[in-house]
Every structure is written in C-alpha cells, then in structure tokens.
Amino acid sequence: MHSEALQSLARICTRPLPTTADVLDACALVRDALRAEDAYVIRAGDPYFIRMGCECEPSTYEIKQRGYWIIWREGAANPTVPAGLFDVDGGIVAGGRPLAAGVPATHAGAILPGDESNSEILVVRGPWPSGLTREHVQFIEAARPITAHLVSNVLDAQRRVRQRDQLTSLADVSNAFNSAGAIDDALANIATALAKSANVDWVSIMTYNDAGDGISERITNRARHSETDTAAQFQGTTNRAASPVELRLGHELAKSGGAILISDMFEPDIMERAELELLRPELPALRAYFRRAHLISVAVFPLVFQDRALGFVSFTTSTSHSFGEAEVAFLRALVSQAATAIMGIRLYRELQESQAEVSRREEWFRSLVLNTSDLITVIDADTTVRYQSPSIERVLGHRADDLAGHKLIDHVHPDDAAGFIAALRDLMTDREGVVTGEGRVRHRDGQWRHLEFTGTDQHTNPAINGLVLNLRDVTERKLLEQQLRYQATHDPLTALANRSRLADRLQHALIRSERTGTRVAVLFMDLDNFKSVNDSLGHSAGDRLLTQVAERVQGCLRAVDTVARLGGDEFVILLEDVTAEGEATEVTGRIFDALGPPFELDGKEIIVRASVGIAVSDAQRHRTDGDALLRDADTAMYVAKAHGKGRFEVFEPSMQVALLDRLELLADLQHAVDAGEFVLQYQPMISLASGQLFGVEALVRWHHPRRGIIAPSSFISLAEDSGTIIPLGRWVLEEACQQAAAWERAYPAATAWTMSVNVSARQLQHPGFADEVAHALEQSGLRPQRLILEITESVMMQDVTMMMGRLHELKALGVRLAIDDFGTGYSSLSYLRQFPFDLLKIDKSFIDDVASVPQQKELTRAIIELGKTLDLEMVAEGIESNEQLVRLQTLDCDLGQGFYFARPLDHQSIAELLAGAEPKHDAA
C-alpha cells in the first residue's frame, strides 16, 4: 500500500502546473497511508503559521501558534533529522523526539526543505498510542522530499504571480496619499503600498516631530501582501516613548547615506558587526521580538526630504533574505517616493490645523510649486509656451525664459509627438475633462527624459487663459520598471533566461515550428556532483563556477537559441529550427567539449562534467505543450544520470516509466541500510608474476525484498544524489573490515593479503572520514596495512588541496591508497606525483584491446612505466582472456583482476581460497 501511495505522490509531483489543491491531495495520501486523522502543510511567514488551503482563522487551529513555532525550530535546528514526533495536549506541544518506530506520539512533524527557505512543515495527526510502525517511519522519510518538491513548485508559481503584480504596484506609493479617504489613513496607505511594491512581510514607518527629538508617528502596513488578512489587527499607531537609538537612527543613516541590512538576526557574530554599532544596545531586545514574531531579516532606510531626516522605514521578512544591490537600489527609490508623500502629508495637516495661517501656507505651497521637481507649463493650442515654472532648469536643464514663446512640441520625441497632439485635441474637445499621458522630452544635454503629464483646459480662467500641463520626471521609475521586467525574466546570477522567459520562448518556438514544419529541441543539463563544489569551496565559489559554465555554454549556441538557468545547477538549452535529432546531439557534443578544460576557482582547477537529457518535439505528442517537452528532456537527463553521469540520453516514451521506477527505488533506498538489505561480495586480485592471491575488493550488492539482487550501477548514483552514500559507505567499510579481521584470525598462516574498499566523493569530503576509518579498524581489530582504500581518479580533481589533506590523514592511519579507473579522468602528472598513492588501477577500457591493437598496447605500456616511475604497484582491471594476461605479463604489470580469474565471490568462497593458501603441516 505504501509503495502505491508513493507512486501516487510522485505522479502529483510531476504535474506541469501544480496548485494548492495538489498539495491537499498529497496530504490526503499521506494521511491515508499512515492511517492518521489528518495531514496538512503549515507555512511560516505571516504573523501566524498559516495552513495551506484552509480558510479558517489561525486562532481555531488544533495546535497553538507557539506549538507550531516549537516544531519549526526543532526541525530548523536539526537539519539532519528528517522528521520528529511530538505530543500535543490542549494545543500545547511538548519537546520533540527523532522519528522512530514504536514511540507513542500524537503528532509527527517534518520540515519540508526548499530552494530558498525551510519555512514549510508537514504535520500529521495520529494519534499513535503504540507508536508508528517501521513501515510508517519509512513512508514518512520517503514522502518528505517528494512533498517538499511539490510544495516548492506551488510556492514558486505563487511567487511569480507576485512578481508580475509588483510591476503594476510601483506607482502605489506615490498615489497612496491621494487615494486616502482621510488624511489620517494616508500614512497607513503608504506603508501598505511600500510592502506591496517591495514584496516583503512587514513595513514599519517611524516619523520624527518637527524638532527631530521625538517620534511623531509609528505605523505598520495594515494589510500584508500575502494571501491572508490576518495581519490587519497589527495595524495602527502606538504612543510608547522613543528609545535613544530610534531618535538617532534616521539622522545617522541620512548623514551617512547608508542603510542597515541584516539577512539573519540570529547570526552568532551579529553583535560584532561594525556597521551595527548604533543598534548594538537594542540588539538583544530586537532578537527577542524577532523570535516571538518568527521574523529573520530586516533592512532599514532613512526618510529624507531636501537633506532633512523625516524618520526611517524598516522592511522585515520572516525568512532569511539577502538584500542584493539591485533590490537595495529599488527599496531606496520606494523610500524616496514615500518621503515626498510623507512631507506632503505633513504640509496638509499643518494646513488643516490652523486656518489663521492660511496665507502663510499659501505662500509655502507657492514656493513649493516653484521649486518642486514637477513642472507647470501653460501653452496655447499650437503648444506655444506662455509660462514655464523655474523647476524646468533642474529637470530639463533649460531656463524658464528660454522656452517662453517656443513650441513645446519641438522638444518632444518624434515617436511620441502624435500621442501628445492627440491628448491635447481630446482636452480641447472636452474642456471640462482632464487628460493624462506620458512621453519623452529632450534635455538640454541631448538626452531624452520620460515625463508624465496631466492637462486641464483653463481658457475660461482669465488669470491663465491657456492649457495647463503638470509634468513629472519619471525617468528613474521607467528605468526601475525596465529593470524589474528584466529581473522577472532573467536569472540574477548568470543573466541567462529564467524559467518564465524560457516557457515563453518555448511556447513561441513550438507555435512557429508548426507553421514552418521544423522541430524544436530541448536540452536539459545538470552538472554532476556540483554539491561537492559548494561543500568544499563554499557557495560563493559555486556561484562563480555557474557563471563560467553559463559563458561556455552560450559560446556553443546560435543567436536564435536560448539558454536558461532554472535554479541550482540546472540549465536548459532551447534549439529552434531543428530538422533532425542529430543536430541536438551535435550541439550537446560541443557543450561537452567546451566544459572539458578545467575551471579556475580561487587558484584551484575544477573539473566539471554534466548529464544532459534531449527531447525533440513531436507533432502528435507535444504540438504547443512546452511543459511536456521540457518534462521529457528532464526525464532523459535523469536516465543519463542513472547510466553513469557525464553523458547524454535522447528521450524515449519508455523513460517515463523508468523515472517513476527510479523514484520508487529512491524511496526504498532511504531505509535499505537500516533494514540490512545490502550484502558484500569479493573479487580476488592476483599477482600476475606468481599467480598467488594478492587481495580482494569488496563489492556491494542490494538484496531488494521484491526486486532481488540489484547491481551497483542501478543504485550508487541514487545514493550519491540523495546522500544515502554516506551511511551506505560507512556500512561497507565497517563490514569489510569485520570480515577481513575474521579471515585474519581464522587463517593466520595465509600470505599477507589485502582488503580493498571503494570510497565515494561524498565520503572523502566529509571532515570526519578519517575518524570513521580509524573507528572501523579499531572495532574490527584489522591491521591497517591490510586495508586499501580505492579512490576514483575524477574525484581527486574536484578540490586538489582538500583531497591532498584528506589523503594524508588516511595515510597517517597506516592504510594503503589506490587510484581507481586511471585514464578516465583529467588528472595531470604534476598532481599525480603529489598524491600519496600506493597502487594505480588501470581502467578496463585500456585492457580490452591490449592484446589485439598495437596502439593500445603501447598506451598501456606507457601507463605502466609511468606508474613504476612513481613507485606505484600497477593493477590491470577487467582481464577476461589468457591473451590479455600474457600481454600484461610481458609489459611487467604487477597485479590483475577480472572474470578470467574469478567473478565476485561470497565470503565462504574467499575463505576457501585463504585456507588453500595456508601451508600444510604433517600430523605429529
């Protein structure tokens, strides 16, 4: 039943446009599979934790908000623990316990890891008085990553909708003052408009009094930019006394021209950051408030109008948020608009407060009009300028007198002139109306500035007798809008197209291909073992590597082709006007060639390989369905990964079934180590000179309860990608050492033989791997000199400095090291001389033709001579014939293994070999 539920989850996960309803379907599957009363997803990010797909108020939830916070913090603090068990009584949550079978609990909770945050929780309500069964625990562990992927896709779709809304909301800040029903609502409107435009959780505005020594107003956005209205109760002003830091903050930031940016309030060393000196006295209190409100990041900007500090604005989010350079510039522009609106609010309130000062206020507004950045222009019907406000000198560089008597239309961009004339014609037709528009007007320096205008007909007013235009320079806003449009369609790291732009280009390409009779090809590319770069060199180096990869890939394409980054290390290449499948494979070959040379990162050479899935459009299968074509390429990429990585595969319909099978196998793999489903076999390694047993190599096999024996080629890549390789590799090491020690005790007189164990890249990158080897030797009692650790050549080149240190740690334990599959990687002779290896294993591809192809014999001879020059024992892999054996003996190769000698054997067969190697003694 659990296998069927996991297959159903996988099918939901692969839907092209998942929605909240799909999340509810997935939760129902989890609930039924665990025989629970309920299962649902909770999101952190509002003032409350919000249940996805539920319209009920948070106060009615079965667990109190503090309880959800405890479950969230338990999972966030222990990222290696996939899920936990909790007891809930009256909505109160007791401390969590790691997920295990046979432990009574009322609820289970699991953090759903996403690309940008860990803010979603899967909650399952039992209860389970006798604890979960082992099958239930295995199901939760397998369902967690699949559910996380589904929720991440749903939230990503919602995020893209919000980004589109952001483009239309930029002007809301400027309009907030005018749209307020009452002047007292204007500041709240501005806060709400700022939050909506910036797409953040909280926006707070604090304004100073006229003297600048007190807080005039505090307000938080009344309705947050999210799918709930629960934040409404947090609106409004407060009258608490201002702290010294609050009184100084806006003034100090205005003076320095800077801002305070904190991506994580709970960073351990935040108290030591020099730029937070001003906030240091209040940081403990701020942390406590952020913890209660489950907030994490904050950005603070000063409110400045004509060099005067009016207060400050803070943007706060409930997830860790890095404020990039472009986003900071955008927020500054929003705050600048807010400062102008707030100054207008103050002036308006002052006007209301005292009618006795009306004349003084009129003079103030007249001065403001004369000196504002907005232009006031009075023209005749033929656009001749009769009056121009002095502010034109700041906006367009002209003196007001220079334009008087000249036609305004002569300064309008030719492409915008017709629209401008049409607007004036409409105004003169409807003299009671108002016209609005925008266009480009030439600056005195020759540049074009974008201006918005509002026009009214004042011919009947004898004091004016003309058309009045109010013009505002919106060039910066236009540039911001262009930047937002660019950001909405491009990856910020590599400047490649993003998922949204790719979908649009793919849709248009498919429509065009129907019309032209050509085809469309999609290449889905994923970098192999990219996580190891982030783990060893850091995310900054990983980002630089992605940028360099993007540049090389672009260099392989035509101008009409599109390359996009979907996130992480996933790239998609769209090829248009394709006539045959071979064109796509040819482009893939060029990309592989371009990625071949090492990448330079921080003085280190990094080798990058990629797996590529290719899908070519089919008139019956795809037509205009770009999602299906992309999904097919993704499926082919996973097949390439499963077949050994560093290659490409062309999609075939049968692969879809294979992908579902892979997902099911991945789910089974999560618990296979604990279930004891793995066994070891051992392949002998023979001395070619004497024919005696030199040692054995431990080879892992998966004894699946339903599928039978599964070869490593079917599950090792899955283990590498999912991280299961760490516990699996530890088990293989410990089991091999235990078996070798048992043989050592049983056959003490046997010739000195060795036990070889393969080590994965993930294991070597783990800082505690040398300690794990030492523990395995100590626990088993095996002598270190009997153990050989085999490391694939390509693994060493990922981070040479780190690998060098790790290998020397292992050598210090007394074990021996072998370089495996030599000749398939990119290691240079200079590096090879530095590594402390004892044996070199020549890859089978060099042995296959050593007896029949002269060039192959000479190449193998060169490798053997190279190894002997470096004092390495040479091992030939994959010997399958007597001719190969004889040739290798003439080349003076030391050791060999392969089916010619023996296939992998069980431990009893190896014991018989060791018993036969012992000297025989006559009976006394």
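Me: Let's start with a term: a residue is buried when its relative accessible area is under 20%. In this predicted model, is Ile42 buried or exposed?

Reply: First find the residue: Ile42 sits in strand E1 (residues 38-43). Its relative accessible area is 0%. That value falls under the 20% cut-off, so Ile42 is buried.

Me: What distance separates the C-alpha atoms of Ile42 and Val123?

Reply: Setting aside neighbours within four places in sequence, Ile42 has contacts that include Phe49, Tyr61, Tyr68 and Val123. Ile42 and Val123 are 81 residues apart along the chain.

Me: How confident is the prediction: what is the mean pLDDT of the protein chain?

Reply: A share of 87% of the residues reach a pLDDT of 70 or more. Averaged over the protein chain, the pLDDT is 82.

Me: Let's turn to salt bridges. Which residue forms one with Asp87?

Reply: The structure holds 43 salt bridges. In the one formed by Asp87, the closest N and O atoms are 3.2 Å apart, and the partner is Arg97. Asp87 lies in the loop between strands E3 and E4 and its partner lies in strand E6, so the bridge ties together parts 10 residues apart in sequence.

Me: What is the N to O distance in the salt bridge of Glu664 and Arg707?

Reply: Look at the two side chains first: Glu664 is buried at 13% relative accessible area, while Arg707 is partly exposed at 32%. The side chains meet in a salt bridge, and its N to O distance is 4.0 Å.

Me: How many residues apart in sequence are the parts tied together by Glu772 and Arg730?

Reply: The side chains of Glu772 and Arg730 meet in a salt bridge at 3.3 Å, N to O. Glu772 lies in helix H24 and Arg730 in helix H22, so the parts tied together are separated in sequence by 42 residues.

Me: Now a helix. What span is expected for H13 at 1.5 Å a residue?

Reply: Helix H13 covers residues 414-429, which makes 16 residues. From its first C-alpha to its last, H13 reaches 24 Å. This is close to the expected span, 22 Å.

Me: Within what arc do the buried residues of H13 fall, seen down its axis?

Reply: The buried residues of H13 include Asp416, Phe420, Ala423 and Leu427. They line one face of the helix, because their directions fall within an arc of 135°.

Me: Which exposed residues does the face of H13 turned away from its buried side carry?

Reply: The buried side has cover that includes strands E14, E16, E17 and E18. The face turned away from that side carries the exposed residues Asp415, Ala418 and Thr429.

Terms used:
Residues numbered from 1 in each chain as written. Predicted model: local features only at pLDDT ≥ 70, side-chain atom pairs only at ≥ 80, totals over all residues. Heavy atoms only, no water. pLDDT = per-residue confidence, 0-100. Helix = DSSP H or I, 4+ residues; strand = E, 2+ residues; numbered from the N terminus. Buried < 20%, exposed > 50% of the residue type's maximum accessible area, 1.4 Å probe, protein only. Contact = heavy atoms within 4.5 Å. Expected span 1.5 Å × (residues − 1). Arc of directions from axis to C-beta.
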